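Hi everyone, thanks for making time this morning.

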Amino acid sequence: MSKKSYRQAINEALRQEMRRDPTVIIMGEDVAGGAGAPGEQDAWGGVLGVTKGLLAEFGRDRILDTPLSESAYIGAAAGAAATGLRPVAELMFVDFLGVCFDQIFNQAAKFRYMFGGKARTPLVIRAMYGAGFRAASQHSQSLYPIFTHIPGLKVVIPSSAYEAKGLLIQSIRDDDPVIFLEHKVLYDTEEEVPDEAYTIPFGEANLTREGRDVTIVAIGRMVGLANEAADRLAKQGISCTVLDPRTTSPLDTATILECVEETGRLVIVDEASPRCNIATDISALVAQEAFGALKAPIRMVCPPHVPVPFAPNLEDAYVPSAARIEAAVQSVMVAQKKAA
Amino acid sequence: MQMNREDLLRAYRTMRTIRDFEERLHVEFATGEIPGFVHLYAGEEASATGVCTHLRDDDFIASTHRGHGHCIAKGVEVQGMMHEIYGRRDGVCGGKGGSMHIADLSKGMLGANGIVGGGPPLICGAALSAKIRKTGGVAIAFLGDGASNQGTTLESLNLASVWALPAIFVVEDNGYAEATSSSYSVAGSQAARAAGFGMPCTEVDGFDFFAVHEAAGAAIDRARQGGGPTMLHVKLARYYGHFEGDATTYRAPGEVDRLRAEKDCLNRFRARVTEAALMDGVELDAVDQAVADEIEVAVRNAKAAVMPAEADLLTDVYVQY
């Protein structure tokens, strides 16, 4: 056990799984960098250095720099997964989904069903998501609701370094296509992470705070902000449960409902655009399955329905903050359901 | 690869099976008993057969909307296919794929594809898998002239060359992408496109089984030996519409009748082997009869077969969820 960053935790998971299983390969744009160039090899190790150092150990047969050609190499990863390899393909920014979506949702996601259960597609697509880098509309989105919508895909959103390592190892060992989304603002955050390999199962939510008044469900980077808000609220005498679903597909609906039954109040924090996102999905679930337990209307803390802006003050206003979460919790503590 | 009598008989039987399968579906589709969309391969048999006779079960192919011929040529069982096209439980995909998504990975058939241009990237992956696992296998993308204009295809040509993959791109140019002529929709030429990606291209007469067989054999040998990808530009024709129900008013009057009379790949194969005294008409007629019987039984069985159980709706989405 030692302190590791989110970036190091992901790198270590990849290294350990590549050592364990020779069919695991990595492909993506500049996952090493420098291919065919006169200068340094492994020049980048991924655009933010997540795969740095793997080239020296595994060589160019298993660390494959691709052309800037997402349709071809994401499709190739799907084809390779269906024919005996375990590719971990890096899409770099999840926003680039737009140029290769067919290969993910019409091909990889549907093989097993269309082929009557005879296909296995152990594919991991890693991508960075989220706002906070002043990277504006085409490099900052939180597109996990789109993947969550597709039957056949699993969607994993690690909220911390510990979570990232265990969930990535699980993703690589999983026999279904997995979308693994890393929040770029989290790369330098650190916590204690075991040195040895370990897995965290999918579909099992993590309770990061336990309380009696309000349940906060938060996704990815929002988990840290929700914990921050919960700690402040505790000082005001409001006790919150904070739930990190870890995976949006499968979704641990049982634990969400259980927590809402206990607290009677629900705030959902989701960095994705507010229409048809995970917050609306969980709201619908709770409205259908736990309506009777609710003491106040469900509140969703999400960005406004606009593209991610560039100007720093606008981006800061866009992303949900601990203060907004705190305010939402305070509002559900005040609000009461109208008597029937 | 020199073909002996047995090889020739097998090739003829494959082409005849495809033809009868498709001609029969044309008739059966009109009765309304077959659900969904069906795109027939009749007329193009020499292409699938000429290529796939070179392949092993661990070589992979990816197909198109027009995928029945590729399935049969790659060894997918006819009865399982017929069940599948009728949406039956015992179909090769359990009735969940249908004509446009028919597949059998155990035979190296990665699926017909409902998305035009869906296959070439997948084939880059299958070829990469063969290369990394050192199986000596090759992977082959069949695609139409329509798919040749998709970005996925052009990106795949590039990737296959960059990674020197054991991949073959077989452009089956039947002259029409849906209802639009390839003379209108394809700029430049297939061969020049291949050359642009540093890849050899062979122009092949797709009505001639032996021409396809020879060109494919050379490309596949080269790929197996690490020589990298090849494109085959196969010019051929389909006898039916883009889909069943297409009135094909965009074609010239008498176009298909002329093709059937003058260019038909099965007639040409028969003429070639009988003139060379490699086989006689009686043997070939016996194949025709055996195939006709097989298709008759397959259709009869499919019509009588059970549908999937309602519970099957929810299975096979994930390995584990």
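Let me start with a definition: a helix crossing is called left-handed if the near helix is turned anticlockwise from the far one by less than a right angle, and right-handed if clockwise. Before I use it, some housekeeping. This is a predicted model, in which local features need pLDDT of at least 70 and side-chain atom pairs count only at pLDDT 80 or more, while totals for chains, interfaces and linings use all residues. Residues are numbered from 1 along each chain as its sequence is written, with chains lettered from A and ligands numbered from 1 in the order in which they are written. Helices (H or I, at least four residues) and strands (E, at least two) are DSSP runs, numbered from the N terminus.

Let's begin in chain B. Two packed helices are described by the angle between their axes and the distance between the axes. The axes here are lines fitted to C-alpha atoms, for helices over the stretch in contact, and angles run from 0 to 180 degrees between N-to-C directions. Helix 1 (residues 5-30) of chain B packs against helix 12 (residues 281-304) of chain B at about 40 degrees, the axes being 9 Å apart. We call angles under 35 degrees roughly parallel, over 145 roughly antiparallel, 65 to 115 roughly perpendicular and the rest oblique. Helix 1 and helix 12 of chain B are therefore oblique to each other, and their crossing is right-handed.

Who makes that contact, meaning residues whose C-beta atoms, placed from the backbone, lie within 7 Å? From helix 1 of chain B the residues include B:Leu9, B:Tyr12, B:Phe21 and B:Glu28, and from helix 12 of chain B they include B:Leu284, B:Val291 and B:Val299. By class there are nine nonpolar, one polar and six charged residues in this contact. For the classes, Ala, Val, Leu, Ile, Met, Phe, Trp, Tyr, Cys and Pro count as nonpolar, Asp, Glu, Lys and Arg as charged, and the others, Gly among them, as polar.

Now to where the chains meet. The contact takes 36 residues from chain B and 35 residues from chain A. Which element of chain B gives the most to the side that touches chain A? That is helix 5 of chain B, with ten residues. The residues on that side of chain B divide into 19 nonpolar, 13 polar and four charged.

On the chain A side we find A:Ser71, A:Ala72, A:Tyr73, A:Gly75 and A:Ala76, which meet B:Gly151, B:Thr152, B:Glu155, B:Ser156, B:Asn158 and B:Leu159.

On to chain A itself. An automatic or database domain assignment sets the domain bounds, and chain A is divided into domain 1 (2-193) and domain 2 (206-334). Their C-alpha centres lie 27 Å apart, and each of the two domains of chain A gives 24 residues to the contact between them. The side of domain 1 that touches domain 2 in chain A has twelve nonpolar, nine polar and three charged residues.

Chain A also has an open sheet of seven strands in the order 3-2-4-5-7-6-12, with mixed pairing; strands pair if DSSP finds at least two bridges between them. Strand 3 (63-65) and strand 12 (247-249) of chain A are at the edges, each with a single partner strand, so one side of each has no neighbour in the sheet. Strand 12 of chain A runs antiparallel to strand 6 (residues 154-156) of chain A, with two bridges joining them. In that pairing, A:Val156 is opposite A:Thr247.

A:Arg246 is in the loop between strand 11 (240-244) and strand 12 of chain A, and its phi is near 65 degrees, a positive value in a residue other than glycine. A cis peptide bond, with omega about 0 degrees, joins A:Ser249 and A:Pro250, and A:Pro250 lies in the loop between strand 12 and helix 9 of chain A.

That's my tour, thank you!
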